[in-house]
Amino acid sequence: MSARDRPPAPIVALDYPDADRALALVEELGPRCRFYKVGSELFTAAGPAVVTRLRSAGCEVMLDLKFHDIPNTVAGAVASASALGARILTVHATGGEEMLRAAAGAAGDCEVFAVTILTSMDAPAISAAWGREPVEATREVVRLATVARAAGVPGVVASGSDVAAIKGALGADFKVLVPGVRPAGSSAGDQRRVVTPGEAARLGADYVVIGRAVTAATDHRRAMEQIIEELGTPAN
């Protein structure tokens, strides 16, 4: 089975202010999800211990701290994250090739994913941040992904709408993790460039991050089951 034929692996975002609430959801979902994202909110509140607890529960962890600093500092942070047992961790692609190379070199068994452009940013926001216009989001994403691959990073974080362009430019084996995935008919919230789980699967995403579609649902288990069902659509 090729990478394009496999459905994306779902990662549930534990965007909670304390470990108890996060781990209660993990227990509730049980075998329906064994991969979780620990981001800035939870990590700042609960520290490395929450990663250790998730790993002890048999779960994989995406440590989404988006490191962005000088190469030596990022390398040290990545090495520490890898020692915790994180399977995926994130750095900002805009840190440049030297920083990305240092991150990849320090990752050990952990996979580094480079964040391209946040899915909360639309074209005007990107233009303002880049200091020029017009800015075509997908072109910038592919440019940053190319830098990341040259630095030895195995994948990027990008909008689902950019997956086809990234895979087309860098090959099907270059991994893409898609955040901000929303089931059809649900609110986009503070996200601007979103896709549904089925769209992410058809476009060839390798991982998808699911947040409020599960965590804010009345029935967490059923919401997760519906996501899994939709992700089961084979990629074309």
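Buried here means under 20% relative accessible area, exposed means over 50%, and partly exposed lies in between (1.4 Å probe, protein chains only). Keep that scale in mind for the tour.

This is a predicted model, in which local features need pLDDT of at least 70 and side-chain atom pairs count only at pLDDT 80 or more, while totals for chains, interfaces and linings use all residues. Residues are numbered from 1 along each chain as its sequence is written, and side-chain values use heavy atoms, with hydrogens and water left out.

**Stop 1: the barrel**

Show the strands. Eight of them close into a barrel, in the order β1-β2-β3-β4-β5-β6-β7-β8, with parallel pairing. From one strand to the next, the twist averages 25 degrees. Angles run from 0 to 180 degrees between N-to-C directions, along axes that are lines fitted to C-alpha atoms, for helices over the stretch in contact. Strands (E, at least two residues) and helices (H or I, at least four) are DSSP runs, numbered from the N terminus. Two strands pair if DSSP finds at least two bridges between them.

**Stop 2: helix α3**

Select residues 48-56. This is helix α3, lying across β2 (35-39) and β3 (60-67). Its direction is at about 155 degrees to β3.

**Stop 3**

Select 155-157 and 175-178. These are β6 and β7, paired in the parallel sense over three bridges. Val157 stands opposite Leu177 in β7.

Next select 207-210. This is β8, parallel to β7 and joined to it by two bridges. Leu177 has Tyr207 as its bridge partner in β8.

**Stop 3: Gly155**

Go back to β6 and pick Gly155, which belongs to that strand. Gly155 has a relative accessible area of 0%, so it is buried. Leaving out residues up to four places away in sequence, Gly155 touches Val112, Phe113, Ala114, Phe174 and Lys175. Contact means heavy atoms within 4.5 Å. For a distance check, pick Ala106: Gly155 and Ala106 are 49 residues apart in sequence and 15 Å apart in space, C-alpha to C-alpha.

**Stop 4: Asp206**

Select Asp206, in the loop between α9 (197-203) and β8. Asp206 is buried, with a relative accessible area of 15%. Its side chain makes a polar contact with the side chain of Lys167, at 2.7 Å. The Asp206 side chain also reaches the backbone nitrogen of Val176 at 2.8 Å. A polar contact is a pair of N or O atoms within 3.5 Å; within protein, one must be able to donate a hydrogen and the other to accept it, and residues adjacent in sequence count only if both atoms are side-chain atoms.

**Stop 5: the aromatic cluster**

Show Phe35, Phe113 and Tyr207, which form one aromatic cluster. Rings of Phe, Tyr and Trp (its six-membered ring) pair if their centres lie within 6.5 Å; planes under 30 degrees apart count as stacked, over 60 as edge-to-face and the rest as tilted. The structure holds two aromatic pairs. Phe35 and Tyr207 pair edge-to-face, 6.0 Å centre to centre, with 75 degrees between the planes. Phe35 is in strand β2 and Tyr207 in strand β8, 172 residues apart. Both Phe35 and Tyr207 are buried.

Turn to Phe113 and Tyr207. Their ring centres are 5.9 Å apart and their planes are at 85 degrees, so this pair is edge-to-face. Phe113 lies in β5 (residues 111-115) and Tyr207 in β8, so the pair ties together parts that are 94 residues apart in sequence. Phe113 counts as buried at 0% relative accessibility, and Tyr207 at 5%.
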